[in-house]
Amino acid sequence: MRRTPEVAVRERAELGEGPTWDPATGRLIWVDILSARVHTYDPSTGRRTVMATGQHVGAAKPRAGGGLVTVLRDGVGLYDAEGAFSWLVHDPVTGRRGNDAAVAPDGALWAGTMRYDEATGGGTLSRVAPDGTVSPVLDAVTVSNGTGWSPDGRLMYYIDTPTRRIDVFDVEGERVLNRRPFAAVEEGAGWPDGLTVDADGCVWVAFWDGAAIRRHTPDGRVDRVVDLPVRRPTACAFGGPGLRDLYVSTARTGLDSPHPLSGSLLVLPDAGQGLPGTPFAG
């Protein structure tokens, strides 16, 4: 595997997050949470777009009919293919914002929240159905982050960053059961943040303050470590032709002397084989 990251988009994002491949448009979608921006990047042409959301935006994912579903400060919002906005779920809570999210194989959005002050247990994880029905999943998380599913859809992986664990659940219909540790993170390795699952069922995790991406085999072992020039990678996702390239979002927030590439979107060409994503069905 090629282990040298390249620069896909040179940017100074405060808190770049949530890279997501949109096969319908051939673009990589990612957000800058604290700058309230949704970015897109077309690797075939180099064309970029930037859209202001007006609120801190934790995640943006493609919709089945075009447009985006976004996890904002005050709830879940929809943009149609022409850019018109509407609320799907409007649930403002003082001091809380949306964070990472993922779309399940059935087309539902699994959306996380956290407190701005990162108070213990102040965040949530919820399943948002295409019609806007919200089903609480976890109600006492701190920094809700990486979420992903095994290739057969029978397992869901999840990270509440301060626990220093990647957890796994069994999937039963629209519910998840039997939460248990999948892998623990040793002191000094950084904090587990966003994740993606590849076609072999391996779980790739970005390590905030760890300057690395790790790949865990389906039994939880670390079998690959990709060192990065930036201290705060936040999440990763496969995209590009054949879903072979691993894109990595990064952050510069809170760093006194950030690396020149901190806040940029990086890419590891031909890193592995990704899984096709599912657009939000709403």
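**Reading the labels in a predicted model**

Q: Why is A199 called partly exposed?
A: The relative accessible area of A199 is 36%. Buried means under 20%, exposed over 50%, and partly exposed in between (1.4 Å probe, protein chains only). So A199 counts as partly exposed, at 36%. The model is predicted: local features need pLDDT of at least 70, side-chain atom pairs count only at pLDDT 80 or more, and totals for chains, interfaces and linings use all residues. Residues are numbered from 1 along each chain as its sequence is written, and side-chain values use heavy atoms, with hydrogens and water left out.

Q: Where is A199, and which residues does A199 touch?
A: A199 lies in the loop between β18 (191-197) and β19. Strands (E, at least two residues) and helices (H or I, at least four) are DSSP runs, numbered from the N terminus. Not counting residues up to four places away in sequence, A199 touches P151, Q273, G274 and L275. Contact means heavy atoms within 4.5 Å.

Q: What makes R48 and E11 a salt bridge?
A: Their side chains meet at 2.7 Å, N to O. The definition asks for a side-chain nitrogen of Lys or Arg within 4 Å of a carboxyl oxygen of Asp or Glu, so such a pair qualifies. R48 sits in strand β5 (residues 48-52) and E11 in the loop between β1 and β2, 37 residues apart.

Q: Is R215 buried or exposed?
A: R215 is buried, because its relative accessible area is 9%. Its salt-bridge partner is D223, with the closest N and O atoms 2.6 Å apart. D223 has 32% relative accessibility, so D223 counts as partly exposed.

Q: Why is strand β2 described as largely enclosed?
A: Seven of the seven residues of β2 (residues 16-22) are buried, so the rest of the structure largely encloses this strand.

Q: How do you know that β2 and β3 pair?
A: They share five bridges, in the antiparallel sense. Two strands pair if DSSP finds at least two bridges between them.

Q: What makes a set of residues a nonpolar core, and how many residues has the largest here?
A: Members are buried Ala, Val, Leu, Ile, Met, Phe, Trp, Tyr and Cys residues joined through side-chain atoms within 4.5 Å. The largest such core has 25 residues. I213, L246 and L265 have the most contacts inside it. Strand β24 supplies the largest share, four residues.
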